[in-house]
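Subject: Structure for your review

Dear colleague,

Please find below the structure that I am handing over to you. My notes on it follow directly after.

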Amino acid sequence: MAEPAGSGGRAEPAGSGGRAEPAGSGGRAEPAGSEGRAEPAERLGEATALRTGMCGTLGPSDAGRQVHLCGWVARRREHGEHLAFVDLRDHTGVVQCVVDGAHDLRSEYVVRVTGTVRLRPEGTVNPALATGEVEVGDCEVELLSAAEPPPFSIDGRGPDTDEVIRLRHRYVDLRRERMQHNLRLRARVNSAIRRAMDEQGFVEVETPMFVASTPEGARDFLVPSRLKPGSFYALPQSPQLFKQMSMVGGIDRYYQIARCMRDEDLRADRQLEFTQLDAELSFASQEDVLQAISHAVRAAAAAAGHEVGEIGRITWHDAQERYGSDKPDVRFGMELVELTPLFASTGFNAFRAPCVKAVAVPGGAALGRGRTDALTDFARRSGAKGLAWLKRTAAGPAGLEGPILKFLSEEERAGLPGEPDDLLLFVADERVLGLLRLELGRPPVNEGGLHLLWVVDFPLFDGVDEATGRPLPAHHPFTMPHAEDLDRLEAEPLAVRSQAYDLVLNGWELGSGSVRIHQGGVQQRVFDLLGISPEEAERKFGFLLAAFRYGAPPHAGFAFGIDRLVALLAGEENIREVIAYPKTQSGTDPLTGAPTPVDPDDLELYGLRLLPPPT
Ligand code: ASP
């Protein structure tokens, strides 16, 4: 049997009992029960041919031990005439080494230090450092690699440095405590997810990267085929069709930590390629999926030191009514207040609308005119006709102030909500009110704990395509309508609910899934409504429909985004902080320069010729 790597004939790992907190944990939650203890795999990797253990874990119990340490020079300070203090850094932290001042050791040189751990002299203990009670003395130093001066300082959290420069030198940026913490957290989360899925009988199946187009509704990335010039592979927007075919193939419970690629315009929370936990279950209901995924998400959160209890549920309809959003951030109140009946026969033109709602902003009465004007602009830019507001100075109809007050009847004033000092915002559009609620109430990403929520009973269709008059699908076309609504599929498509569900975390859509249509009859009705002709269905998903003719079990699935989950667990606003090699917001990679032009001869191989660039 093969010896585990790094364990054969090597020195005992240093400090593996009673480890100090790793340096990379700066101020963030560590996994429950992991304190003072590394993962076994990490402990195995500590001693190698070149080192006896790690820098950041040395403590008083190591005093007297001779150690070999390897790492990067974090800092050098002269100490008297002949000696220098060198802070040696590896991913576990730094330790002070006392070396001969003659060594030319500069920042980020890679060295191997051999010396003896000793307690620091009285008065020189550094309580700010995990290893601050000790130092390594009588050091011999071996230079393993010299280094150019780093393009930016490796200490500190990093927002100081321009992100493009950080990404161009990502290999240097990754040495920072923040990135070390985030990537290790991500690895723990991935392995907790895998364990949770394995425990529940899921089988990890890898699906191909070069595929035919997938129906997620974004634009495909295309890869030209050299062997079949003029033809293209699509990169998968998700493994959707393969996981469904795997159900036909008797896999029963599939999962994959899958890379997905969508050629979308980038926003702060999007990357062109991203990672999902993708899952599919046979002979399963929506409830089975929710249970299985909840288990995996709880395990992921636990790996980051967060305990998640029972995950609440809300229908899509209620989420819209109460929060003006299908991904409500329930870390704070400020729920929308229904006022349509109150204004049913109002004389105020702006409130003569099918829906009038308000939010009460606690303490908002103190906002000045500049701010209320800015909110009005915000509402207009978000698509509302306008924004009306009132300030509540006291309880009751007399305790209100504001320019619209004169248009409201006594009865209407008496029916208005709010506590003293609230600002009441009124909009005849619950979506815009939902955005205002977030704008004014949303806590920073790392505040308010983790609030997960299942949003269920999404509508099957999103609205009507003005050009064709046909309903627009809210999900992919294999989403099963709600059993109770099947009868009105053709008569009232917009009223039909689907068996589709989302998982929302602190106002972010973490993932979505659905029970799938596995019977040809229902599928045909949905295709007909969407205007997908038999020829188009055959061309786009003929292979899936063919698979279904050979014995398709009822099945259902889900996928959630790991980048966003890890970002929220790490308290990071930006998902690029939890991705080792992300693209910028313009879709480029400053490290490799991708995307890059291709040599015309290479294009020829694929049967391609470029058009002149658009002017
Ligand atoms: N394939 C879907 C997605 O990537 C998730 C699912 O329905 O399973 O969003």
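Glu 335 has a relative accessible area of 32% and is therefore partly exposed. Please note that the model is a predicted one. The side chain of Glu 335 meets that of Arg 322 in a salt bridge, with 3.0 Å from N to O. This pair links distant parts of the chain: Glu 335 lies in the loop between α7 (316–323) and β12 (337–338), Arg 322 belongs to helix α7, and the two are 13 residues apart. Arg 322, at 33% relative accessibility, likewise counts as partly exposed.

Salt bridges

In total, the structure holds 40 salt bridges. Another of them joins Arg 525 to Glu 490, whose closest N and O atoms are 2.9 Å apart. Here too, distant parts of the chain are linked: Arg 525 is in helix α11 (residues 520–530), while Glu 490 is in the loop between β19 (471–473) and β20, 35 residues apart. Arg 525 counts as partly exposed at 28% relative accessibility, and Glu 490 does so at 42%.

A further salt bridge is formed by the side chains of Arg 270 and Glu 264, at 3.4 Å from N to O. Arg 270 is partly exposed, with 28% relative accessibility; Glu 264 is partly exposed as well, with 25%. There is also a network of salt bridges that links Arg 166, Arg 170, Asp 173, Arg 176, Arg 178, Glu 572 and Glu 577.

Sheet and hairpin

Eight strands form an open sheet with mixed pairing, in the order β6-β9-β10-β22-β21-β20-β17-β11. Its edge strands, β6 (203–204) and β11 (312–315), each pair on one side only. Helix α5 (residues 240–248) packs on this sheet and touches β9 (253–261), β10 (273–282) and β22 (555–561); the direction of the helix makes about 20° with that of β10. Within the sheet, β17 (residues 452–456) and β20 (residues 500–505) are antiparallel partners over four bridges, and Val 455 stands opposite Asp 502 in β20.

Elsewhere, a hairpin connects β2 to β3 through two residues. Strand β2 (residues 83–90) pairs with β3 in the antiparallel sense over eight bridges, with Asp 90 opposite Gly 93 in β3. Strand β3 (residues 93–100) is largely enclosed by the rest of the structure, because seven of its eight residues are buried.

Surface patch

Met 209, Phe 210 and Tyr 233 make up a nonpolar patch on the surface, with about 290 Å² of accessible area together. Of these, Phe 210 is placed in the loop between β6 and β7 (222–224).

With kind regards

Notes:
Residues numbered from 1 in each chain as written. Predicted model: local features only at pLDDT ≥ 70, side-chain atom pairs only at ≥ 80, totals over all residues. Heavy atoms only, no water. Pairing = 2+ DSSP bridges. Contact = heavy atoms within 4.5 Å. Axes fitted to C-alpha atoms, helices over the stretch in contact; angles between N-to-C directions. Patch = residues over 30% accessible without salt bridge, like charges linked within 9 Å, V, L, I, M, F, W, Y side chains within 5 Å. Areas by Shrake-Rupley, 256 points an atom, 1.4 Å probe, with all protein chains shown as cover. Salt bridge = Lys/Arg side-chain N within 4 Å of Asp/Glu carboxyl O. Buried < 20%, exposed > 50% of the residue type's maximum accessible area, 1.4 Å probe, protein only.
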